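Thanks for coming. Please have a look at it first.

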Amino acid sequence: NKGSKNLIYELNKDGTAYTVTGYDGNKEKVTIPEVYKKLPVTAIADEAFKGNEVIKTLSIPDSVKDIGDNAFAECKVLENLTLPKKLDSLGTSCFSSYT
């Protein structure tokens, strides 16, 4: 399952898709699924992975169209990131590092 079971999801207001809002696991490799509870995963929330010091490899599926502000800020050990082929929006300071 590559750590995906520890992802935290929130159903979008219109009830048609999910947003990843966080991760509470300890796996170094995480793959976000395209579908969660039979609905598409279409976004990553602001600060969803901010400050994560565990994930080294993260794969984001093509179903994700929006990545929020500071989504991966301060992810000190993140080495490999697979982004979707087409993003509608990529948040500000998405990969910022405060050292």
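Which residues touch the most other members of the largest nonpolar core? They are Ile 32, Ile 44, Phe 49 and Phe 72, out of 20 residues in that core. Two or more residues each come from β1 (7–11), β2 (18–23) and β5 (39–44), and β2 gives the largest share, 3 residues.

Some background before I go on. This is a predicted model, in which local features need pLDDT of at least 70 and side-chain atom pairs count only at pLDDT 80 or more, while totals for chains, interfaces and linings use all residues. Residues are numbered from 1 along each chain as its sequence is written, and side-chain values use heavy atoms, with hydrogens and water left out.

Now the terms. A nonpolar core is a set of buried Ala, Val, Leu, Ile, Met, Phe, Trp, Tyr and Cys residues joined through side-chain atoms within 4.5 Å. Buried means under 20% relative accessible area, exposed over 50%, and partly exposed in between, with a 1.4 Å probe and protein chains only. Strands are DSSP runs of E, at least two residues, numbered from the N terminus.

Leaving aside neighbours within four places in sequence, Ile 44 is in contact (heavy atoms within 4.5 Å) with residues including Val 20, Ile 32, Phe 49, Ile 67 and Phe 72. Two of these also turn up in the strand pairing, where a pair needs at least two DSSP bridges. β2 and β5 are parallel over 3 bridges, with Val 20 bridged to Ile 44. β5 also runs parallel to β7 (residues 66–67), joined by 2 bridges, and there Ile 44 stands opposite Ile 67.

β4 and β5, in contrast, run antiparallel, with 2 bridges. Val 35 has Pro 40 as its bridge partner. Their hairpin has 2 residues between the strands, and Lys 37 takes a positive phi near 50°.

Last, the rings. Rings of Phe, Tyr and Trp (its six-membered ring) pair if their centres lie within 6.5 Å; planes under 30 degrees apart count as stacked, over 60 as edge-to-face and the rest as tilted. The whole structure has 5 aromatic pairs. Tyr 9 and Tyr 18 are edge-to-face, 6.1 Å centre to centre with 80° between the planes. Tyr 9 and Tyr 36 are stacked, at 3.6 Å and 15°. That pair links β1 to β4 (residues 35–36), 27 residues apart.

Is Tyr 9 buried or exposed? Tyr 9 counts as buried because its relative accessibility is 15%. Tyr 36, at 25%, counts as partly exposed.

Terms used: Helices (H or I, at least four residues) and strands (E, at least two) are DSSP runs, numbered from the N terminus.
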